[in-house]
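Good morning, and thank you for coming. I would ask you to look at the sequence and the model on the screen before I continue.

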Amino acid sequence: MDQSSKPNAWKTLAKVKIEKRFDETLNYEIDYPTFSKEVKALNGKEISLDGWMIPLDELRGKNYFVLSALPFANCFFCGGAGPETVVEVFLKKDLNFTEKRIKVKGKLSVNGDDPLKLMYILEEAEIMD
């Protein structure tokens with residue numbers, strides 16, 4: 001069974017090396033990913049992930065949030081994990097924030113070039129029951 005059809009792909013997404021480099025444009029050090037072959041193989045494929053919402057609707061609306069593999073207190077933004085544990089999610093339909101664990105599926109985009117976005121982006125996503 002290939003990874004894209006498995007119910008949870010966080011283990012594969014963790015197969016990335018992070019290198020800090022100084023970015024001339026932003027004028028500070030940022031994380032640059034080097035993706036494994038397994039991660040690169042998921043680029044453009046539909047995957048499913050489960051995790052917790054980190055709401056950012058003040059930035060883009062109710063169809064956008066960050067999904068964390070870990071609960072909020074342990075997530076990347078709180079300093080408890082690495083950047084490979086979060087994914088930007090763009091839903092097809094709006095969703096109200098929930099503190100419960102959720103499962104989403106969508107098309108994965110692997111981002112190694114734009115430091116203003118997360119390295120994983122799930123597009124055309126839907127909530128799974």
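**Charged pairs, core and pocket**

K20 is exposed, with a relative accessible area of 52%; exposed means over 50%, buried under 20%, and partly exposed in between, for a 1.4 Å probe and protein chains only. This is a predicted model, in which local features need pLDDT of at least 70, side-chain atom pairs count only at pLDDT 80 or more, and totals for chains, interfaces and linings use all residues. Residues are numbered from 1 along each chain as its sequence is written, and side-chain values use heavy atoms, with hydrogens and water left out.

Which residue does K20 meet in a salt bridge? The partner is D31, at 2.8 Å from N to O. A salt bridge requires a side-chain nitrogen of Lys or Arg within 4 Å of a carboxyl oxygen of Asp or Glu. This pair links distant parts of the chain, since K20 lies in strand 1 and D31 in strand 2, 11 residues apart. Helices (H or I, at least four residues) and strands (E, at least two) are DSSP runs, numbered from the N terminus. D31 is partly exposed, at 28% relative accessibility.

The structure holds 4 salt bridges. Another of them joins E38 and K15, whose closest N and O atoms are 3.8 Å apart. Here E38 belongs to helix 2 and K15 to the loop between helix 1 and strand 1, 23 residues apart.

I turn now to the interior. A nonpolar core is a set of buried Ala, Val, Leu, Ile, Met, Phe, Trp, Tyr and Cys residues joined through side-chain atoms within 4.5 Å. The largest such core has 24 residues, of which L13 and Y120 touch the most other members. Strand 6 gives the largest share of this core, 4 residues. A second, separate core has 5 residues, among them I54 and Y64.

Finally, the largest pocket holds about 400 Å³ of space. On a 1 Å grid over the protein atoms alone, a pocket is an open set of points where a 1.4 Å probe fits, with protein on both sides within 12 Å along at least five of seven lines; lining residues have an atom within 4 Å of a point. The volume is the space filled by probe spheres set on the points, which are joined across faces, edges and corners. Strand 2 provides the largest share of the lining, 6 residues.
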